[in-house]
Structures are given as structure tokens and as C-alpha cells.
There are 2 protein chains.
Amino acid sequence: MTENCSCTNCKDQLCMHKVPIFSSLDREQLDKIIELIQRRSYEKGETILFEGDLMDSVTIISGGSAKAYKNTSNGREQILYVFSEGDFFGEQNLFGDETATYSVEALEDVKTCNLSRKQFQQLIYSFPHIAVKIIDELGERMTRLENALQSIGVRNVDNRIGSILIEFARKYGIRDGSNTIIHLPLSREGIANYLGVARETVSRKFSQMENEGLILSISNKEILIPDMGKIEDIAFN
Amino acid sequence: MTENCSCTNCKDQLCMHKVPIFSSLDREQLDKIIELIQRRSYEKGETILFEGDLMDSVTIISGGSAKAYKNTSNGREQILYVFSEGDFFGEQNLFGDETATYSVEALEDVKTCNLSRKQFQQLIYSFPHIAVKIIDELGERMTRLENALQSIGVRNVDNRIGSILIEFARKYGIRDGSNTIIHLPLSREGIANYLGVARETVSRKFSQMENEGLILSISNKEILIPDMGKIEDIAFN
DNA sequence: CGGACCATTGATAATTGTCAAAATTCGTGG
DNA sequence: CCACGAATTTTGACAATTATCAATGGTCCG
């Protein structure tokens, strides 16, 4: 890590390179963008964006992770995304002056790069490649949402737990021989709100899986999976 | 309707104008595109796209309606979208040679305009406005998906039934004084597969609502709603 | 070490799914 | 236009799953 170099350019470039949507740009083009970027940071638990707020910028996460969620009137939370380094949000409201359709809260300390909506729009018109990257990225995110919708809609809780473990293993897992150690980004309640079930149900399913030797709880936020294959069986029946 | 004019240009132009993503183009630009377009038609019940098939084109619906859905291994169907005139699909696989993530089936006779992926890509590079329109449209579709995910995740069946009635009223409803008549695009089973519940549950909820005077079933595919306000109360508690 | 927060477990209730049968609707052909 | 058969929908009885409520136990961090 060269995070130590504290000159503004270095820091911003780092940020830029973490973001797939800018990956097609060359040095010179990046320099132009770097000047426009505003950096912000948030503490764990802090709300980065409130559902309903007017959006004036696109936010790119350059460090840490955050959850995007919606609340119902009776206080129930549905988590839509777990964002981490390189993910962005605010693009949905790019061309109308609309309001945020979900809230975003830092799950750990978070650093962001912000571009005003206008600047982002100009960027797209200047560099069609960026538009293509965005369409690409949105397409991927839609596919993930579609899968999530199918999961919650027709698959049973065991399937869904299996799927979320696979997802987290991919994003946050460390392989160690045949073992996989996952640092969970969400609490049990968070997982429940991601899967659309009750907190207690997640606890029960985890306990059950631990009894069957499928997982091993190291701490509240860390689990060990001896055999991912068995988890895949559960996920897809 | 001027559908009677059968010259190719007229027909294709009609198609073009129904598609929001091309709305920013002028006559001359449209003419270029018209030459590239291939028209197809499908009968009710026919499958337009199979999940898993290799995608080679973007399909724009110029008439009729279709459902997009995913199947699980044990044969359960989750409907993701109900497409109608002006909607398009296939854009997700625009820049990798990926496969379709869902199937699409005609709910009535359907007419489509097709553009090969390559042509569509060139179009985007030639007219950045189209890219912007697509990002816009994808953003809207994502918002819809996010709402659907929240619905299935944390809202009860009554809420969801209310929401789907509001959605259908907006898209397929005809106002007649204080009454709203909705021509349902989906069967009961379809509605169930859209909401992530059992067919029988939808039947029961509809019956219950009919007893309470909230809806009036005219035929299997047509219902009358005396007071949309009451439906909104149910949808949002 | 203590207190706040988070997670687990048990008992019970509520909701929805499943299976089976009856009723209705739809479309076709006479 | 009516009648018939097929398809769809409705209803009932029951089972399964998960939510809810309440209490206990564990973990993390100053």
C-alpha cells in the first residue's frame, strides 16, 4: 500500500484506479477528473445518504464498506446492497433532479470520492467509454438484484443462507487449504435484513449448520467453512 | 392508428418512436437506424428468449406484452418484469458475450424490433445521448427492482397485492369516474409468481378483497376497483 | 471488570404453502 | 349462439415454515 504518500494527486489517483468505470481513461484524462473530485470520510455507523434526500452527487467508495437499504413505515429494513471499494451510487438520479431511493450507512469507517452530478454528466458526454462502463456495471448490478429477487421470492431460507455465504466468501473470504474463512460484513440482524427473514431465524439456521459441521463460528463476525462444496449443495438444493 | 400504412419505413418509424431511448434523435439519425432494424413477431405463449441462451441482439418491444422470469431447478418461476410497448431487453449483455439471465415469454402476440449487439454498440458510441437515455432507463428499472425486493422481503402479502394493483392500474388501467378498470396482464398464477407467493394465496386474497368491496372481478383478466384510495391504504398499511 | 450490545434458544402463534376437489371461465367447433 | 371440454380458478382442510415474544447467554470495548 502506498497510502502513505499524502500528496493530493497520489491519493486521488488511488481512488480513481479503484473504480472500474474510470479504468478505460488514460493519464491525461484522469488528471482532468482528479481536479473535480471531492473526498469525504465517514465513521462506522454514520449515515452517508438518507432515503428521500435530494441527490446532488455521485459517490464512489474508495475504502471501507457500507449497506444500502430501504425502510418501511413500520420500521423494517431491507438491505439492497453491500457496497465496498470501487462501488458507486447516486447514478440513478443522474438526469432528473430526483431523490435518493435508499439510505446508505457505513458498516466500517468509509472513505469516498464525490463528483457533482453536473460534472459526472459532462464526463459521460466527453468520454463515451465511461457511459459504456456504467451501462456494464449497472447491468451487472441488475443481474445481482434479479437473482436476489428470485432468491427471496421462490427459494427457501436454507437456499438463501447458502447463497449469501457463497457471495460473502467470494467478496470477503480467505482460502486456507480447503477451509474458507469469511469476515462477515453484516451482523446477524444485517444478514436477516438482507435475506428478508427474522433475526432469530438466521441464528437458528446458523446453529443448525454448525451442528451439522457445515460452518464453524469463530466470532460473531467471522466464520470458517470447511467445505464450500457442501454450502453450494445447500444453496442450490 | 396508422398501422395500415404498410411501407417498411412507416412501420419501422412507428417502432422507433415508441422507444424512449431513441427519442432524442432527429429524422436523419433515425433513418440510419431504421435500416439496421430487424422486425420479428411472436404468438402468445411463445418464448422470445431462453435463460442461458447466448445473446446476440437487443430486443425492443413494439407491440404486445411479455413476461421476463427465472426458473429454479425445482420448477418454480419468479417473474422479474412485465414488459410492454417501448421496453427493451438484452442490453445487460451488451459488452461481454454473455448469456441471458432470464427467459422472456409473450403474454399476448408480440412484435419486436431487433438490433444486433454490434450495431447497438456502434449506436451508443455515435450518439452519446442514447447512452444517457439507457442509463436513465436502467436506473428506473433498478429502482423498480429495488422496490420489488423490499416488497417481497419485508412486506406482507396484502401490501404486495395492493402494490401490484397500483402498478397495473397505472400501466393498464382505464379510469371511469371514480372507478378504475384494470386489464390484468397476468393470470392468477402469474401474479403469484410475480409476488413470490402461492397461486392459491392470490385467489384467497382476491376473494377476501372482493367480499370487502375493494375489488370487483369482471372476468379472470379484468377487475374493477371502485376506490383506488383504499387499495393504496392496503399497499402502504 | 462492567455494562451495553448482540446473539441464541425456547415456546407459541400466525401466516402461508400444499394437496385435493369442486366450481368457474374460456375458447373452439358445431 | 350455444355447448362442450380443457384450462384456470376457487375453496377447504391440513401441514410446514417462519415470525414473534420473552428470557438467557455471550461478546466486545472502554
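**Salt bridges, sheets and DNA contacts in the predicted model**

In chain B, a salt bridge joins the side chains of B:R141 and B:E91, with an N to O distance of 4.0 Å. B:R141 belongs to helix α4 (residues 128–154) of chain B, whereas B:E91 sits in the loop between β6 (88–89) and β7 (103–106) of that chain, so the pair ties together parts that are 50 residues apart in sequence. B:R141 and B:E91 are buried. The model described here is predicted.

B:R141 also forms a salt bridge with B:E137, and here the closest N and O atoms are 3.7 Å apart. These two residues, B:R141 and B:E137, are 4 residues apart in helix α4 of chain B, which places about one helical turn between them. B:E137 is buried, as is B:R141. In chain A, a network of salt bridges links A:E91, A:E137 and A:R141.

Over all chains, the structure holds 16 salt bridges. Another of chain B is formed by the side chains of B:R199 and B:E189, at 3.8 Å from N to O. B:E189 lies in helix α6 (residues 188–195) and B:R199 in helix α7 (residues 199–211) of chain B, so this pair ties together parts that are 10 residues apart in sequence. Both residues are classed as partly exposed: the relative accessible area is 43% for B:R199 and 40% for B:E189.

Chain B contains an open sheet of 4 strands, arranged in the order β2-β7-β4-β5 with antiparallel pairing. At its edges are β2 (47–49) and β5 (77–84) of chain B, each of which pairs on one side only. On average, neighbouring strands of this sheet are turned by 30° against each other, with direction ignored. Strand β4 (residues 65–71) of chain B is joined to β5(B) by 7 bridges in the antiparallel sense. Within this pairing, B:A66 has B:F83 of β5(B) as its bridge partner. A helix of the other chain is also in contact with the sheet: α4 (residues 128–154) of chain A packs on the sheet and touches β4 and β5 of chain B, its direction making about 130° with that of β5(B).

A further open sheet of chain B has 4 strands in the order β1-β8-β3-β6, and the pairing is again antiparallel. Its edges are formed by β1 (38–42) and β6 of chain B; each has a single partner strand, so one side of each is left without a neighbour in the sheet. Strand β3 (residues 57–63) of chain B and β6(B) run antiparallel and are joined by 2 bridges. B:T59 stands opposite B:F89, which is part of β6(B).

Of the atoms of DNA strand D that come within 4 Å of the protein, 63% belong to sugar and phosphate. A polar backbone atom of A:V157 is 3.4 Å from a phosphate oxygen of DNA strand D. The surface near DNA strand D receives at least two residues from each of α7 (199–211) of chain A and α6 and α7 of chain B.

DNA strand C likewise has 19 residues around it, and those that come nearest are A:S203, A:S207, B:V157, B:T201 and B:R204. Sugar and phosphate make up 65% of the atoms of DNA strand C that come within 4 Å of the protein. Phosphate oxygens of DNA strand C are contacted from both chains. In chain B, a backbone N or O atom lies 3.3 Å from a phosphate oxygen in the case of B:V157 and 3.1 Å from one in the case of B:A198. The surface near DNA strand C draws two or more residues from each of α6 (188–195) and α7 of chain A and α7 of chain B.

Key:
Residues numbered from 1 in each chain as written. Chains lettered and ligands numbered in written order. Predicted model: local features only at pLDDT ≥ 70, side-chain atom pairs only at ≥ 80, totals over all residues. Heavy atoms only, no water. Pairing = 2+ DSSP bridges. Axes fitted to C-alpha atoms, helices over the stretch in contact; angles between N-to-C directions. Contact = heavy atoms within 4.5 Å. Buried < 20%, exposed > 50% of the residue type's maximum accessible area, 1.4 Å probe, protein only. Near = heavy atom within 4 Å. Polar contact = N/O pair within 3.5 Å; in protein donor to acceptor, adjacent residues only side chain to side chain.
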